[in-house]
Amino acid sequence: MIESEALSRRHLAACAVARQAGDMMRRLFQNRSGIEMSFKGPQDYLTQADAAVEKLVRQRLAEAFPQDKFLGEEGGGEVSQSMWVVDPIDGTSNFARGIPHFCISIAYALDQTPEIGVIYDPMTDEMFEAQRGAGGRVNGRPMKTSDATKMEYCQIELGWSSRRTNDAYLAIVRRVLEAGASFRRAGSGALGIAYVADGRSDGYAELHINSWDCLAGIVMVKEAGGYANDFLAGDGMLKGNPILVAAPGVAQALIKLTGIGSKVMA
Ligand code: IPD
């Protein structure tokens, strides 16, 4: 059984590693003309920077916590009782196209329960972090989801990838718009979810997302008083699942509109 002191050590270490990785990412972004960019598949970028940042994070966490396992977007990994789940650059297509909206996302899960979430945006120097039961903060300021209750006043981020059909995506866009909300797609699921935790947007939904993109953010949204669906159901850790996070006052409406998640308990 890992005690709270061990969790706090991991929380502090994750913040330090995220900042170090973020500094590296910012330097690489500012000098990206020398970086090799390719595609893993249609609309799915891979840059040399993703691998370099993941290598640094893997090394640092393995030095500090040799007993923990690691699951990363680039190098893969395995599910284990005590594990790190990392996306070295979330928002890779923004990074590759010169758009300064991307981050590093680090989650720690114990017995398949996400305990710690750290998301660092190196371009705005914002450190979003949370630990289960201990609240969530951005640069030290407590985070709280928005108090939205009416879709007509909401802005919802609807993530998109080529892993699901355009018809399915467009049906959700239509329903969200018809309910009166506005929507955006900014290209970083991790930041989109952190923004829900901080009340900057009222919900984030995507028909398929991977654990490294969303696990850290899920800890934050829950700690900030919001709703998150049961993302890890089935084989969510390795294969991904749909995601819905939302401010509590619009969670039920978004479950209905997106078809993701189940009834919010009163
Ligand atoms: C992607 C981004 C995007 C989301 C995709 C992810 P990547 O991750 O988070 O916003 O819609 O589902 O795959 O490729 O930038 O790490």
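Visitor: Which residues touch the most other members of the largest nonpolar core?

Guide: In soluble globular proteins, nonpolar side chains tend to be buried together. In this predicted model, the largest nonpolar core has 35 residues, and I119, F128 and I243 touch the most other members.

Visitor: Which element gives the largest share of this core?

Guide: Helix α6 does, with eight residues. Among the other elements that supply at least two residues each are β8 (126–131), α5 (189–197), β13 (203–209) and β15 (241–246). Because domain 1 (4–142) and domain 2 (151–258) both give residues to this core, it lies between them. Apart from it lies another core, of 30 residues, including A18, I35, I104 and Y108.

Visitor: What does I243 touch, not counting residues up to four places away in sequence?

Guide: The contacts of I243 include I193, Y204, C214, I218, F231 and I260.

Visitor: What is the order of the strands in the open sheet of five?

Guide: Strands of a sheet pair through backbone hydrogen bonds, either parallel or antiparallel. Here the order is β12-β11-β13-β15-β14, and the pairing is mixed. At the edges stand β12 (182–184) and β14 (227–228), each with a single partner strand, so one side of each has no neighbour in the sheet. Strands β13 and β15 run antiparallel and are joined by five bridges; Y204 stands opposite V245 in β15.

Visitor: Which strands does helix α4 touch?

Guide: Helix α4 (residues 166–178) packs on the sheet against β11 (155–158), β12 and β13, and its direction makes about 180° with that of β11. Helix α6 lies across β13, β14 and β15, at about 25° to β15.

Conventions. Residues numbered from 1 in each chain as written. Predicted model: local features only at pLDDT ≥ 70, side-chain atom pairs only at ≥ 80, totals over all residues. Heavy atoms only, no water. Core = buried A, V, L, I, M, F, W, Y, C linked by side-chain atoms within 4.5 Å. Buried < 20%, exposed > 50% of the residue type's maximum accessible area, 1.4 Å probe, protein only. Helix = DSSP H or I, 4+ residues; strand = E, 2+ residues; numbered from the N terminus. Domains from an automatic or database assignment. Contact = heavy atoms within 4.5 Å. Pairing = 2+ DSSP bridges. Axes fitted to C-alpha atoms, helices over the stretch in contact; angles between N-to-C directions.
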